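Subject: Structure handover

Hello,

Here is the structure you are taking over, with my notes on what was found in it below the display.

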Amino acid sequence: MDTTAVEQQYSHLGQRAYHPRLIVSLLIYAYSHGVFSSRDIQRRCQQDLAFMYIAQMQCPDFRVLSPLKWL
C-alpha cells in the first residue's frame, strides 16, 4: 500500500506524532477483525496483545484513530 501522500504530511518537528505507517497498519488490522470504533481500537491497544504488538506498545488516543481526522 502506497502511503507516501500521508507520509509527506508527517513532520518530525513539534510534538511527537505517531508514524503514519503505525496508524495505517493498526487501522487495517482492526478493521479486518471487525473493530471499527476508534474508542474500541484504543481499548484493544491497552488490553489485546496483538493490538499492542501492531501499535509497538504505544496507545494512540481515539481522537488520533478517528477516520474523520484522516480526511
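To begin with the charged side chains: aspartate 40 and arginine 43 are joined by a salt bridge, with 2.5 Å from N to O. A salt bridge here is a side-chain nitrogen of Lys or Arg within 4 Å of a carboxyl oxygen of Asp or Glu. Both residues belong to helix α3, where they are three residues apart, about one turn of the helix. Aspartate 40 has 32% relative accessibility and therefore counts as partly exposed; arginine 43 is partly exposed too, at 41%. The classes are: buried under 20% relative accessible area, exposed over 50%, and partly exposed in between, using a 1.4 Å probe and protein chains only.

The structure holds two salt bridges. Aspartate 61 and arginine 63 also form one, their closest N and O atoms being 3.1 Å apart. Aspartate 61 is partly exposed at 25%, while arginine 63, at 55%, counts as exposed.

Before the rest, the conventions. This is a predicted model, in which local features need pLDDT of at least 70 and side-chain atom pairs count only at pLDDT 80 or more, while totals for chains, interfaces and linings use all residues. Residues are numbered from 1 along each chain as its sequence is written, and side-chain values use heavy atoms, with hydrogens and water left out.

Overall layout

The protein has five helices and zero strands, so the order from the N terminus on reads α-α-α-α-α, given that helices (H or I, at least four residues) and strands (E, at least two) are DSSP runs numbered from the N terminus. Of the 71 residues in the protein, 27% are buried. Among contacts with a separation of 6 or more, 43% are between residues 24 or more positions apart; a contact means heavy atoms within 4.5 Å.

Core

What makes up the largest nonpolar core? It has 11 residues: Leu22, Ile23, Leu26, Leu27, Ala30, Val35, Ile41, Cys45, Phe51, Ala55 and Leu65. Helices α2 and α3 each supply at least two residues of this core, and α2 gives the most, with five. By definition, such a core is a set of buried Ala, Val, Leu, Ile, Met, Phe, Trp, Tyr and Cys residues joined through side-chain atoms within 4.5 Å. Leaving aside residues up to four places away in sequence, alanine 30 touches Val35, Ile41 and Phe51.

Glutamine 42 is located in helix α3 (residues 38-47) and is buried, at 18% relative accessibility. With residues up to four places away in sequence again not counted, glutamine 42 touches Cys59, Pro60, Asp61, Phe62 and Leu65.

Rings

There are two aromatic pairs. In one of them, the ring centres of tyrosine 29 and phenylalanine 51 are 5.1 Å apart and the planes are at 75°, so the pair is edge-to-face. This pair links distant parts of the chain, with tyrosine 29 in helix α2 (residues 20-32) and phenylalanine 51 in helix α4 (residues 49-54), 22 residues apart. The rule pairs rings of Phe, Tyr and Trp (its six-membered ring) if their centres lie within 6.5 Å; planes under 30 degrees apart count as stacked, over 60 as edge-to-face and the rest as tilted. Phenylalanine 51 is buried at 1%, whereas tyrosine 29 is partly exposed at 21%.

The charged end of arginine 39 sits over the ring of phenylalanine 62, 3.8 Å from its centre. The criterion is NZ of Lys or CZ of Arg within 6 Å of the ring centre and within 35 degrees of the ring normal.

Cysteines

Zero disulfides turn up in a search of the whole structure, a disulfide being a pair of cysteine sulfur atoms within 2.5 Å. Cysteine 45 is in none; the nearest cysteine sulfur is that of cysteine 59, 5.0 Å away. Cysteine 45 is buried at 5%, and cysteine 59 is partly exposed at 27%.

Backbone

Most residues other than glycine have a negative phi. Glutamine 56 has a positive phi, near 55°, and methionine 57 has one of about 60°. Glutamine 56 lies in the loop between α4 and α5 (62-65), and methionine 57 is in the loop between α4 and α5 as well. Glutamine 56 is exposed at 55%, and methionine 57 is exposed at 66%.

Regards
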